[in-house]
Amino acid sequence: MDYTELKQSVSEGAKSIYLLEGDDAYFRMKGEEQIKSAFLEMPELNFTSFDGETLKGGGISALVSAVKNYPFMAERRIIKVSEFYPTENEYEKYLNPLFENFPPSSILLIVNSGAKKGVDLKRKHAVTFVNCGKADAEVVSKWVYITLRRAGVNASAACCESVAEYCLCNMARVSVEVQKLIDFKKTGTLTCEEVDALVFKDADYRIYELTNAVATRNFTKFCEIADELQKKAGDEVFLLNGLFNYFKNLLTVVASGDSDANLSKQLKMKEYGVKKSREQAERIGQSRLEELVEYVYRAISDMKCGRLTPQSAMQTVQNAIFFGIG
């Protein structure tokens with residue numbers, strides 16, 4: 001199930017084994033909190049935590065023993081293990097007997113970022129998999145809308161979408177920015193102007209806006225965003241590297257015949273991000289992107305070799321983008 005379905009599942013009763021896995025730390029943390037809040041009594045006595053990195057081979061027996069212990073004056077105990085990636089052999093030897101005959105008085109909570117390889121736990125018996133991967137813009141926007149509404153603040157779909165986009169659908173950031181909006185507004189209707197003024201825009205999102213200004217040939221907007229990013233990052237190097245990486249990704253998207261799904265894995269982007277990049281790339285054009293990638297790379301090289309100062313490198317790139325001056 002997706003993280004957004006966990007609340008309903010928890011309300012229907014406890015599962016034996018939960019696997020909270022994905023690269024969104026906010027979802028993993030909040031998922032753990034939901035499960036513990038619903039089923040854990042006297043945590044000082046009925047909660048045990050393990051570091052999966054230390055559970056190798058026979059060490060897994062300590063986890064199995066903890067699961068088999070009885071709760072103290074409570075219906076259940078919860079055993080949590082973090083970053084746990086047992087091999088197939090370790091699973092068959094130590095975990096399979098436990099999973100096949102799991103004690104009803106315990107809950108095993110496995111919390112993984114998915115950063116390492118191991119046996120595919122989500123397909124094993126009695127495991128309830130909760131997808132804690134980064135949500136797409138639609139899911140995040142819906143979360144923003146519902147959270148604001150519950151706090152007594154109304155917001156349009158456009159406002160909620162802006163919050164998701166500005167934070168690049170990073171739920172840890174989204175939750176902070178939404179709480180900021182709630183504290184500011186308290187009640188009433190939130191406007192898109194207030195969202196623009198209050199929500200901090202992720203640097204990568206500003207780079208996206210910067211390249212969008214290139215696609216639309218909006219020189220004024222490009223200069224405004226570039227100036228803001230230079231002040232926040234402290235120099236032109238960050239901006240030049242950001243432009244180079246972004247143009248390179250756009251070129252990959254427009255030149256590749258792969259689907260958005262395959263490109264999202266290759267570029268480590270959300271499919272929504274690939275879709276937006278494709279729109280930008282098509283506006284700029286493949287041949288123009290090839291020129292821009294080569295030109296920005298040359299400017300960075302000249303800067304690193306001392307032939308150009310960071311300021312001069314940025315100026316020549318800016319001129320090349322809008323006026324074709326080499």
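Biologist: Where is phenylalanine 72 in the chain?

Modeller: Phenylalanine 72 is in the loop between α4 (60–68) and β3 (77–82). Helices (H or I, at least four residues) and strands (E, at least two) are DSSP runs, numbered from the N terminus. Keep in mind that this is a predicted model, where local features need pLDDT of at least 70, side-chain atom pairs count only at pLDDT 80 or more, and totals for chains, interfaces and linings use all residues. Residues are numbered from 1 along each chain as its sequence is written, and side-chain values use heavy atoms, leaving out hydrogens and water.

Biologist: Why is phenylalanine 72 called partly exposed?

Modeller: Buried means under 20% relative accessible area, exposed means over 50%, and partly exposed is in between (1.4 Å probe, protein chains only). Phenylalanine 72 has 45% relative accessibility, so it counts as partly exposed.

Biologist: And aspartate 202, why does that one count as buried?

Modeller: Its relative accessibility is 18%, so aspartate 202 counts as buried. Aspartate 202 is in the loop between α9 (192–198) and α10 (203–215).

Biologist: Which residues does aspartate 202 touch, not counting those up to four places away in sequence?

Modeller: Tyr166, Leu168 and Arg173. Contact here means heavy atoms within 4.5 Å.

Biologist: Back to α4: which of its residues are buried?

Modeller: Ile60, Leu63, Val64, Ala66 and Val67.

Biologist: What makes you put them on the same side of α4?

Modeller: They cover an arc of only 160° around the axis, so they are on the same side of α4. The arc is that of the directions from the helix axis to the C-beta atoms. Among the elements covering these buried residues are β2 (47–51) and α5 (88–100).
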